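Subject: Structure handover

Hi,

Here is the structure for you to look through. Please open it alongside the notes below.

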Amino acid sequence: MAGEFRNDLGGQGVIRGLSGHYRSGASSLGKEFFAPCLKYCSAYRRAVGYFSSKALLAWLEVLPRFATESVTIHLLISPELSDEDRDALEKALNEEERQQLRKVSVERLLQETLEDSSLPKAIKARVRLFAWMVANDHLILRFAFPEHVEQPGIFHEKIGVFQFPWGDHVAFTGSANESEHGYERNYESIDVYRSWIVGDEERVRIKQEQFEEAWSAKAVGLKVLPLSPESAALIRSKAPNEKPVVASKNGFTLPSVKEKPTDYGHEPEEPLKHINVKNQWRHQDEAVAQFLEVKHGVLEMATGTGKTRTAIQALTALDTQGQIDGIIISTDGTDLLDQWRKEIEFWAIKRPQPYRVLRHFAQHHELGEFALNPKRAVLVISREQLASLFSRLEPAQKERLIIIQDEVHGLGSPSLRSQLAGQHQAFGYRLGLSATPEREYDQGGTQFIFDEIGEVFFEFGLEEAIERGILCEFDYIPLTYLLTDSDRQRLRQVYAKRSARQREGKPMTQQELWTELARVYKTAEKKPEVFADFLQQNPQIIESAIIFVEDKAYGEPILETLHNYTYRYRTYYAEDDRRNLVDFAKGKIDCLVTCHRISQGIDIRNLKNVILFSSARARLETIQRIGRCLRSDPNSPDKRAIVIDFVRSTEDDESEFNADDDRCMWLSELSQIRRVE
């Protein structure tokens with residue numbers, strides 16, 4: 001019978017006792033399905049037609065549990081309208097006004113609930129907890145608006161997916177809304193799909209994919225908008241400053257500094273700063289422990305969270321245990337290779353039995369010396385030279401070596417795939433490092449990385465790093481630009497080229513089309529003018545700033561604009577500009593204009609601002625670039641970064657290729673993450 005749960009396995013036993021269908025009358029949807037799922041889940045993804053204040057109050061009953069556990073809820077909703085809102089909606093002149101009215105409706109709901117002085121004390125406490133969850137991204141709201149017909153109605157999809165800590169998933173679909181009526185008073189029914197039931201796995205997967213497609217605004221005919229900055233600011237103003245940890249029938253209490261729990265069992269009088277620092281970097285110890293167990297795989301860690309330091313910790317453990325004779329470190333780019341050389345030399349000389357550090361990149365040619373005798377040696381080598389190295393090492397030697405592939409996504413390039421296929425497996429230990437190991441739009445390249453190095457065995461993302469205070473918080477400023485007639489002409493030329501290739505029997509791939517269209521948007525003529533106007537009102541933005549442009553020619557008018565405000569700027573386009581990078585890192589100049597050269601790996605902690613004239617469709621490049629300014633600075637503990645982006649105006653109707661909206665939504669959400677530890 002529905003509702004009769006087994007308790008012998010705790011939460012897992014309860015969840016595995018769920019039925020495949022619930023219907024009002026025979027069952028209580030709220031008590032028998034939603035309550036146990038919310039009690040034990042680690043994540044809840046919900047797309048629903050209505051979300052009312054009554055549902056919010058019902059949710060508050062289970063929220064205290066979320067204060068002490070890492071539970072995330074994603075809600076994609078169409079707000080329930082009041083009679084006043086519905087009348088206004090009918091009089092709206094266009095769909096944009098209709099969307100705004102629906103959005104305002106739910107934001108008014110939040111405001112009224114947060115500021116309702118008539119609520120009982122226990123409910124008020126849980127309302128503050130709700131505000132804390134939203135402010136700290138445990139509960140993320142987005143609003144959905146159909147655009148698939150000329151006069152669309154409301155978003156009325158009703159699906160949900162619960163994820164549980166032990167690996168099970170439960171998906172459901174049916175008539176119930178997120179409302180008091182939907183849970184208890186209406187006559188509703190839902191179908192439930194459970195990942196451990198044969199025949200249900202595929203349905204669970206489909207519901208997960210459908211939700212993610214809608215949530216990421218990739219569903220055809222559906223527009224998705226985030227919470228407005230005004231509402232987000234209101235919620236943050238009502239949210240407690242510290243994470244709630246104690247719940248009771250009378251609400252919850254906040255811990256004092258002395259009561260703050262830790263993972264290390266320190267005495268209460270121990271300084272909080274010391275406790276936070278030790279906890280802050282615990283992910284590195286966890287990553288090393290996992291790598292020593294699996295011996296090969298990819299470490300996926302956000303830029304600035306210590307990938308290099310973690311790799312060196314792993315080397316220390318392996319050397320101490322006598323598991324390796326020598327070390328190979330490989331990546332792309334002279335700057336990053338030289339940075340690795342400096343890091344590893346400091347480590348190598350401090351070992352009880354020091355290592356020799358050899359180089360094979362730029363003007364250095366020490367591959368042969370390493371191949372002759374790799375024992376107690378480290379070779380820092382450019383990736384394009386690895387094939388020569390591998391051919392000179394014996395299988396027995398490789399078994400006692402570790403190879404570290406930094407920025408491992410670069411390993412999946414077509415040329416390296418042809419040179420190195422099947423050659424990494426001979427090494428005793430293989431470690432890949434990257435903030436973004438998967439190559440977007442290149443499944444073959446990604447699979448090659450995982451085949452050669454191993455799957456991702458540990459993840460630590462931007463969101464976690466900002467919450468923990470390892471990376472700094474940042475503000476996101478999108479600047480809107482319009483296409484010129486010349487820009488549109490260049491777009492038409494791209495489409496004409498596609499048509500010509502089609503007629504010739506050599507059709508352009510979708511990736512080729514996107515690349516050529518992206519080139520037009522990256523070099524749009526109005527961007528420098530928009531930037532000049534912004535700079536006039538905000539001249540401080542070019543202090544400690546890197547400006548990323550598509551190429552040297554596009555940077556020329558930007559240099560002219562900078563010259564009106566400062567002489568402390570330089571370019572970094574080629575190897576002969578390297579001194580400019582060094583001067584920038586030392587604070588001798590304020591602003592650096594560049595293209596692709598320092599998108600990854602280079603540590604410039606005093607950098608505060610990043611200005612993105614050029615942004616790739618794939619997130620990899622953007623993650624690397626904004627990561628440059630999110631690194632914390634010991635000399636500026638209150639550092640707050642700024643990311644300036646250029647977003648095409650909605651007045652332009654070229655809709656076949658537009659990555660700006662997706663990037664804008666993603667960066668807007670990241671900018672709302674706040675430190676919680």
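Predicted model: local features only at pLDDT ≥ 70, side-chain atom pairs only at ≥ 80, totals over all residues.

Residues are numbered from 1 along each chain as its sequence is written, and side-chain values use heavy atoms, with hydrogens and water left out.

**Totals**

The protein has 27 helices and 23 strands. Helices (H or I, at least four residues) and strands (E, at least two) are DSSP runs, numbered from the N terminus. Of its 677 residues, 53% count as buried. Buried means under 20% relative accessible area, exposed over 50%, and partly exposed in between (1.4 Å probe, protein chains only). Take the contacts (heavy atoms within 4.5 Å) with a separation of 6 or more: residues 24 or more positions apart account for 72% of them.

**Helix pair α21 and α22**

Helix α21 (residues 485–503) packs on helix α22 (residues 510–522) at an angle of about 165°, and the axes are 9 Å apart. Axes are lines fitted to C-alpha atoms, for helices over the stretch in contact, and angles run from 0 to 180 degrees between N-to-C directions. The angle makes α21 roughly antiparallel to α22. The cut-offs: under 35 degrees is roughly parallel, over 145 roughly antiparallel, 65 to 115 roughly perpendicular, and the rest oblique. The α21 residues in the contact include R490, L491, V494 and R498, and those of α22 include E512, L513, E516 and V520. By class, the contact of α21 with α22 has 7 nonpolar, no polar and 8 charged residues. Ala, Val, Leu, Ile, Met, Phe, Trp, Tyr, Cys and Pro count as nonpolar, Asp, Glu, Lys and Arg as charged, and the others, Gly among them, as polar.

**Helix pair α12 and α13**

α12 and helix α13 (residues 307–320) pack at about 50°, with their axes 9 Å apart. That makes α12 oblique to α13. Q284, D285, A287, V288, F291 and L292 of α12 meet R309, T310, Q313, A314, A317 and L318 of α13. The contact of α12 with α13 divides into 7 nonpolar, 3 polar and 2 charged residues.

**Aromatic rings**

Rings of Phe, Tyr and Trp (its six-membered ring) pair if their centres lie within 6.5 Å; planes under 30 degrees apart are stacked, over 60 edge-to-face, and the rest tilted. The count comes to 18 aromatic pairs. One of them is F34 with F172, edge-to-face, at 5.3 Å centre to centre and 90° between the planes. F34 lies in helix α2 (residues 29–40) and F172 in strand β6 (residues 169–174), so the pair ties together parts that are 138 residues apart in sequence. F34 is buried at 1% relative accessibility. F172 is buried too, at 1%. Ring pairs link Y22, F33, F34, Y44, F162, F164, W166 and F172 into a cluster.

**Backbone**

Most residues other than glycine have a negative phi. A217 has a positive phi, near 65°. A217 is in the loop between α9 (201–215) and β8 (222–226), and is partly exposed at 36% relative accessibility. K295 also has a positive phi, near 75°. K295 sits in the loop between α12 (282–294) and β11 (296–301), and is partly exposed at 40%.

Best wishes
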